[in-house]
Amino acid sequence: MKNIEKKSSHTQALAATTYRLGITFLTAILLLILSPARTMAQGYVEGVNLSYEHMPIKIKTPDGEQKFTGNNLKIATSIPIFLTPNKSKYLIVGGNLEAFNFSGTHPAFEVKRVYSISPTFGYSTMVSPTFNLTALLTPTINSDYENVKSSDIKFGGIVRGSWKANDNLTWRAVLGYRQQFYGPQYLATVGMDWKASERLRIFGDVPKDLTINYALNPKMNTGFNLSVQNSTYRLNNQDRYFEYNTVNPGLFVERYISSNWAVRATAAYTLIRNMEIYNKKDKAKAFIDFAEFGDRADPINPEVSKGLAFKIGLSYRIVPGKK
């Protein structure tokens, strides 16, 4: 009984520490808000993004259905440190926080909560008036934060090139690599930022994300959004890991509540929702983006059903020319 109470107390302390860390991190972001990221894309500069996603989940077992919910809180920011007066060269310092919680009773799915901390360090330079080159290093610590080990730290990095074809069209290409608990993940995306008309804009890095944005008026937008996530988290229980692999197409509506702050609500339906638990030794040959290669063992837990996902997001943006 004492061991159970001790473990419960330890878990609560970790949760409280993570909460305080999140508040401290967000406060620091807000203090730096006067110098938001200067990487132009999708018609605005985004310095901070805070989002909360709610997912009803169902698992079918021989003993009946288990229903519960998943809730994913994320905070992301990127701050530039300019090295030249014309801002053509700069360092990038930022980070991402994630707290992923599963409520309710679900014995067929042993994950209760996992966390992620991922600082970002990078360098960006204008190679020519129309071509930008950016390199980013992103170490991560993804786990349930019980008995954190040095082996929990996984490294990743990307190189991104952006070519401005004209005032309305920019092309992008990304190559990258990430260490995951299942093995290596290689990243290869092709992106664009196309202002098709005064109201219609298409941007994203396929297959990671894609947005079709239609301006209803100067303060309101609506459209289509595709988001993809592939992440793994170490579980202290029996040296396992949890993999979250999802493809979410959805519809959104957003409104600027001030000249810089925007709120976006998204309703999506998952085409792929893999919430899978594996033993530590179960490895994939490789992943390219979210596509798996190799013959990995089957997950330990039953399949999680596809379903709806609802997200609300708040972001701080600078829109050139917007009043």
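Which residues does Met 275 touch, not counting residues up to four places away in sequence?

Analyst: Keep in mind that this is a predicted model. Leaving out residues up to four places away in sequence, Met 275 touches Met 55, Ile 57, Phe 100, Phe 102, Phe 109, Phe 242, Glu 243, Tyr 244, Asn 301 and Val 304.

Some of those names come back once you look at the core. The largest nonpolar core has 18 residues, and Met 275 is among the members that touch the most others, along with Phe 100, Phe 102, Phe 109, Val 111 and Phe 242. As for where the core comes from, the elements giving two or more residues to it are β1 (45–61), β3 (89–103), β13 (220–235), β14 (240–256) and β16 (272–279). The largest share, three residues, comes from β1. Apart from this core lies another one, made of six residues, including Phe 181, Tyr 241, Tyr 278 and Phe 287.

Now for the charged pairs. The whole structure holds 14 salt bridges. Let's take three of them, starting with Arg 234 and Asp 152, whose side chains meet at 2.5 Å, N to O. Arg 234 sits in strand β13, while Asp 152 is in the loop between β6 (140–143) and β7 (153–154), so this pair ties together parts that are 82 residues apart in sequence. What about burial here? Buried means under 20% relative accessible area. Arg 234 comes in at 6%, so it is buried, and Asp 152, at 0%, counts as buried too.

The next pair is Lys 280 with Asp 239, where the closest N and O atoms are 4.0 Å apart. This pair also links distant parts of the chain: Lys 280 is in the loop between β16 and β17 (286–288), Asp 239 is in the loop between β13 and β14, and they are 41 residues apart. Lys 280 is exposed, with a relative accessible area of 52%, whereas Asp 239 is partly exposed at 31%.

Then there is the salt bridge between the side chains of Glu 65 and Lys 67, at 3.9 Å, N to O. Glu 65 is partly exposed, at 42% relative accessibility, and Lys 67 is exposed, at 60%. As a general point, side chains of opposite charge can pair when their charged atoms come close.

A search of the whole structure turns up one cavity of 30 Å³ or more, and the largest cavity holds about 30 Å³ of space. Lining the largest cavity are Thr 140, Asn 142, Lys 154, Arg 178, Gln 179, Gln 180, Phe 181 and Thr 232. Phe 181 is a name you've already met, as one of the six residues in that other core. The elements that give two or more residues to the lining are β6 and β9 (169–180), and β9 gives the most, with three residues. By type, the lining divides into one nonpolar, five polar and two charged residues.

Note on methods
Residues are numbered from 1 along each chain as its sequence is written. This is a predicted model: local features need pLDDT of at least 70, side-chain atom pairs count only at pLDDT 80 or more; totals for chains, interfaces and linings use all residues. Side-chain values use heavy atoms; hydrogens and water are left out. A nonpolar core is a set of buried Ala, Val, Leu, Ile, Met, Phe, Trp, Tyr and Cys residues joined through side-chain atoms within 4.5 Å. Buried means under 20% relative accessible area, exposed over 50%, partly exposed in between (1.4 Å probe, protein chains only). Helices (H or I, at least four residues) and strands (E, at least two) are DSSP runs, numbered from the N terminus. Contact means heavy atoms within 4.5 Å. On a 1 Å grid over the protein atoms alone, a cavity is a set of points where a 1.4 Å probe fits but cannot get out, and a pocket is an open set with protein on both sides within 12 Å along at least five of seven lines; lining residues have an atom within 4 Å of a point. Grid points are joined across faces, edges and corners, and a volume is the space filled by probe spheres set on the points. Ala, Val, Leu, Ile, Met, Phe, Trp, Tyr, Cys and Pro count as nonpolar, Asp, Glu, Lys and Arg as charged, and the others, Gly among them, as polar.
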